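User: Could you take a close look at one part of this model with me? I would like the local picture and then its setting.

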Amino acid sequence: MRFAYLAFFRDDREANLAIAREDVDAVRRVIATTPGLAVANIYLPEVATDMFNNDGPPPVFGFQLYFDELADMETALAPSGHLQALAAPGVLWSIAGSRPTQQAMCVRPFPVDDAGVRTSGLPCSYLVHYPGPAEDMNAWLYHYVTHHPQLMRGFPGIRHIEVLSRLDWCGSLPWPRVDHMQRNRVMFDSPAALTHALQSPARLEMRADYKTFPPFSGGSLHFPMSTEGVHPLPRTTAK
């Protein structure tokens, strides 16, 4: 899974938007039938406590689609591509007042000691966005990928680590684009497990490393989100 397409919907007006279950179901159906899809995540807001960060309410909805080939992703996002169904009239009606953004990125996965998720509900991801820019993008990225994920691995109960970086990409969904210089995703069994990790000594090590980052602007945003995995449905072959 070398590429990812991400879309998030923010409630900037503080209208207490919540996505309707039928909208989530409709998005899930579209995603699961996307040609070339490797796997996907659907994100809904969760609550967890970080000893250093409180960036306000998470997005009201989001999804992340992974592809092995850039061409498959761009085909799905093309003017007549499969994912245009996500912007059809009546889809996502319940969060029509939200602010959508989209971006495609390269994916760098990193190892964890135990990737087996153990939960009766949905696991919880901690999504981190670095809008940027960095003064020297090469220095920033090299420092980050050679230091920070290795410290993330020390979080108790961590199940997944990935770092995403910018990509030039073609796509025609009618939502505003953003060009964040980087995003991260770490995943835990539950919001409680994420909170436990964010209060652990590993969080202090992460904070110490943060202070050594090469110069950058734009800050960082941190959001806990429940994470539903969506796998592609088998494609039927006409006889």
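User: Is Cys124 buried or exposed?

Analyst: Happy to look with you. Cys124 is buried, with a relative accessible area of 0%; buried here means under 20% relative accessible area, exposed over 50%, and partly exposed in between, with a 1.4 Å probe and protein chains only. Before going on, please keep in mind that this is a predicted model, where local features need pLDDT of at least 70, side-chain atom pairs count only at pLDDT 80 or more, and totals for chains, interfaces and linings use all residues. Residues are numbered from 1 along each chain as its sequence is written, and side-chain values use heavy atoms, with hydrogens and water left out.

Another cysteine, Cys106, is partly exposed, at a relative accessible area of 23%. A search of the whole structure turns up zero disulfides, a disulfide being a pair of cysteine sulfur atoms within 2.5 Å. Cys106 is in none; its nearest cysteine sulfur belongs to Cys170 and is 14 Å away.

Strand β5 spans 124–130, and the loop between β5 and α3 (137–152) holds Pro133. Helices (H or I, at least four residues) and strands (E, at least two) are DSSP runs, numbered from the N terminus. A cis peptide bond joins Gly132 and Pro133, with omega at about 10°.

Leu92 is not a glycine, yet has a positive phi of about 60°.

Now for the setting. The protein has five helices and eight strands, arranged along the sequence as β-α-β-β-α-β-β-α-β-β-α-α-β. Its radius of gyration is 18 Å, close to the 18 Å that the globule rule gives for 239 residues, so the protein is as compact as a globular protein of that length. That radius is taken over C-alpha atoms, and the rule is 2.2 Å times the number of residues to the power 0.38. The C-alpha atoms fill a box of roughly 55 × 40 × 40 Å along the principal axes.

Of the 239 residues, 50% count as buried. Taking contact as heavy atoms within 4.5 Å, 86% of the contacts between residues at least 6 apart in sequence join residues at least 24 apart.
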